Amino acid sequence: MQIIKVNEVFKDEKCISGKATGSFFRNEVEIVLAKTPVIIDFEGIEVITQSFSDEFLGPIFAHEGQDILRTLKFKNCSEDVQAVILSTAHRFLSDTKAVS
Amino acid sequence: MNRYIQRVNFFNCCPGFAQQREESFQRHDAGGRFVPITEIYSMDNTDAVAQDIIRVIFSQMVAPGESEVKTALSELMDNALQHSSSLIGCIAQTQLYRNSFVDGVILDCGIGIRQHLRGNIKISAEVTTDAKALLKALEPHISGTHNRKKDFERRENRYNNAGLGLSICCEIMKRTGGFLQLISGQACVIIDPKGIQHIPIAGWPGTVVVFRANYQKLAHIADIIKEFDIQKSKGDNLKGQKKPEFI
């Protein structure tokens, strides 16, 4: 299990935004996720934008389906960060099959 | 007025307008007051541009609503660059006021909102005027790319889009006591806590978004997202859907 700290990737930022930023971060996370389960640590982050979240997590949820939730977890999420991630999961996981 | 226009680098950005006279003032640091006109050409750096603007504008204070303002700037820049097909990219300017408000403007010279929404097969028949298109664009999940005709040459197919950015920005402005003004084609609307006003204008070929937020207030973005999700969930079959785990 590897922990990826968002505030070490995006230093001195309380709000992480941007589709391109989300795409960049997804590439970083997917490299690690291919080898081991991952915890994304959002300590110190107040908000992530919907665009960032959709671009970071949307393709992962869409491609991997609900199975990915066994190996990808989230830590130290503010209420705003949690709401945005749940919204992305809701939209991108709704067409995938439930875990058997 | 001419000094202000010079100071925000208008003539550097728009060399087609002849500068009236040489600058007769000393350029002081704009930190804590305004950010001169910024030209953004690529979606690759909207987060960095928005962060730089926030750093300058709030350089002399701690503002509780800093993340809300950055959210608005970044989402609006991404929208302009992804959807407008604007040949000049987009332009941003931000101004801070001592009465706790911050104004921002994001402008492009692209295809406009009506033309963009006409590519959405679910709603193209509804957007018969610019005014209808502006109101439609403010609805959550409307301006996303998932219902669009496929055109892989378009920049917008490179990234996902839920169609929430503009709706979230509008709610942030309303909930902090500010407003969002949307201009595109022959239409202009202002949305504030009192409601929606249509303003007659001469017209603008692309899109202009002006926002005002109270940076001392929090908009509670989680509440906005949850409300949008409830609207979206109606009719969805969520049985058996697992949720992400938060430790």
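**Close-up views of a predicted two-chain model**

**View 1. The surroundings of B:Ile53.** Beyond its neighbours within four places in sequence, B:Ile53 is in contact (C-beta atoms, placed from the backbone, within 7 Å) with B:Val35, B:Thr38, B:Leu73, B:Ala92 and B:Thr94. This is a predicted model, in which local features need pLDDT of at least 70 and side-chain atom pairs count only at pLDDT 80 or more, while totals for chains, interfaces and linings use all residues. Residues are numbered from 1 along each chain as its sequence is written, and chains are lettered from A and ligands numbered from 1 in the order in which they are written.

**View 2. The largest nonpolar core.** Here we meet B:Ile53 again: with B:Met77, B:Cys90, B:Cys169 and B:Leu180, B:Ile53 has the most contacts inside this core of 83 residues. Helix 4 (residues 79-93) of chain A gives the core its largest share, eight residues. Such a core is a set of buried Ala, Val, Leu, Ile, Met, Phe, Trp, Tyr and Cys residues joined through C-beta atoms within 7 Å; buried means that 20 or more other C-beta atoms lie within 10 Å of a residue's own.

**View 3. Helix 4 of chain B.** Helices (H or I, at least four residues) and strands (E, at least two) are DSSP runs, numbered from the N terminus. This helix has 18 residues and reaches 26 Å from its first C-alpha to its last, close to the expected 26 Å (1.5 Å times one less than its number of residues). Since 18 of its 18 residues are buried, helix 4 of chain B is largely enclosed by the rest of the structure. Just after the helix, look for B:Ser85, with a positive phi of about 55°.

**View 4. Where chain B meets chain A.** In this view, 34 residues of chain B are in contact with 40 residues of chain A. Helix 3 (46-57), helix 4 (66-83), helix 7 (165-175) and helix 8 (221-233) of chain B each give two or more residues to the chain B side. Helix 4 of chain B provides the largest share of that side, seven residues.

**View 5. An open sheet in chain A.** Three strands lie in the order 1-3-5, with parallel pairing (at least two DSSP bridges between two strands). Strand 1 (2-5) and strand 5 (72-75) of chain A are at the edges, each with a single partner strand, so one side of each lacks a neighbour in the sheet. Strand 3 (residues 38-41) of chain A pairs with strand 5 of chain A over four bridges, and A:Ile39 has A:Lys73 of strand 5 as its bridge partner.

Terms used
Two residues are in contact if their C-beta atoms, placed from the backbone, lie within 7 Å. A residue is buried if 20 or more other C-beta atoms lie within 10 Å of its own, exposed if 12 or fewer, and partly exposed in between; C-beta atoms are placed from the backbone.
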